[in-house]
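Hello,

Here is the structure I said I would pass on. My notes on it follow below.

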Amino acid sequence: MSRNVPIMLITLAALGVPAGLTAQDEPFLGIWELNLAASSITRGAPPRFETIVNIAEPGGFRSMLAIVGEKSTSVEIHHYNFDGSFHQTEGSDPRELSFKRVDQNTIEQDTRRSGTITVHRHIELSRDGKTMTLAANGTTGGGQKYANDIRVYQKK
């Protein structure tokens, strides 16, 4: 399963974009590919590739994450609802996520497993809107602690 997963996500995203909300209104919308060379991954082995597709939905946006690793492929859906509540993820790694909008280009995110916050992420867009950086600290679902996991994505 090489590039088939991201192509599938792009197709689904194109079919699911509601009218009204545009990338001009929400700069996080669009297709983002992980730039491994610019990233500093401390949480597990680096993936072969990773793609995020963000599309508008009521209350924020839906983020579809496709990861292809050496041994597996996974797809997850995250709902970026900026209501301060935790929302269940869909897909390969079930957990709850909460999102807080700091400003137009910055989001703070917490992950909760079994009632405990295990990960904090700071998500920031560059001024030109072409680069998205996720900085994370926390504990994996398997119990391994990590710090300064930096993932840099380029908008496609």
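Aromatic contacts

Phenylalanine 61 is buried, its relative accessible area being 0%. Please keep in mind that this is a predicted model.

The whole structure was searched for aromatic pairs, and five were found. In one of them, the ring centres of phenylalanine 28 and phenylalanine 61 are 6.1 Å apart and the planes are at 15°, so this pair is stacked. Phenylalanine 28 is in the loop between helix H1 (4-16) and strand S1 (30-34), while phenylalanine 61 is in strand S3 (residues 60-68), so the contact ties together parts that are 33 residues apart in sequence.

Tyrosine 80 has a relative accessible area of 10%, under the 20% limit, so tyrosine 80 counts as buried. Through ring pairs, Phe28, Phe61, Tyr80, Phe82 and Phe99 are joined into a cluster.

Two arginines sit over ring faces. Arginine 101 lies over the face of phenylalanine 82, 4.5 Å from the ring centre. Arginine 43 lies over the face of tyrosine 146, with 5.9 Å to the ring centre.

How many of the residues of S2 are buried? Nine of the nine are, so S2 is largely enclosed by the rest of the structure. Phe49, Thr51, Val53, Ile55 and Glu57 point one way from the strand, and Glu50, Ile52, Asn54 and Ala56 point the other way.

On one side, S1 and S2 run antiparallel and are joined by four bridges. Glutamate 33 stands opposite threonine 51 in S2. S2 and S3 also run antiparallel, with nine bridges between them. Glutamate 50 has isoleucine 67 in S3 as its bridge partner. The hairpin of S2 and S3 has two residues between the strands, and glycine 59 there takes a positive phi near 90°.

The C-alpha atoms of leucine 29 and asparagine 54 are separated by 4.7 Å, although the two residues are 25 apart along the chain.

The largest pocket

The largest pocket holds about 880 Å³ of space. Its lining is made of 40 residues, and those nearest the centre are Arg43, Glu50, Ile67, Glu76 and Arg151. By class, the lining has 15 nonpolar, 14 polar and 11 charged residues.

Which strand gives the largest share of the lining? S4 does, with five residues. The strands that each supply at least two residues are S2 (49-57), S3, S4, S7 (96-103), S8 (106-113), S9 (116-125), S10 (131-139) and S11 (145-155).

Regards

How values were computed:
Residues numbered from 1 in each chain as written. Predicted model: local features only at pLDDT ≥ 70, side-chain atom pairs only at ≥ 80, totals over all residues. Heavy atoms only, no water. Phe/Tyr/Trp six-rings, centres within 6.5 Å; stacked < 30°, edge-to-face > 60°. Buried < 20%, exposed > 50% of the residue type's maximum accessible area, 1.4 Å probe, protein only. Lys NZ or Arg CZ within 6 Å of the ring centre and 35° of its normal. 1 Å grid on protein atoms, 1.4 Å probe; cavity = no way out; pocket = protein on both sides within 12 Å on 5 of 7 lines; lining within 4 Å. Points joined across faces, edges and corners; volume = space filled by probe spheres on them. Nonpolar A, V, L, I, M, F, W, Y, C, P; charged D, E, K, R; others polar. Pairing = 2+ DSSP bridges.
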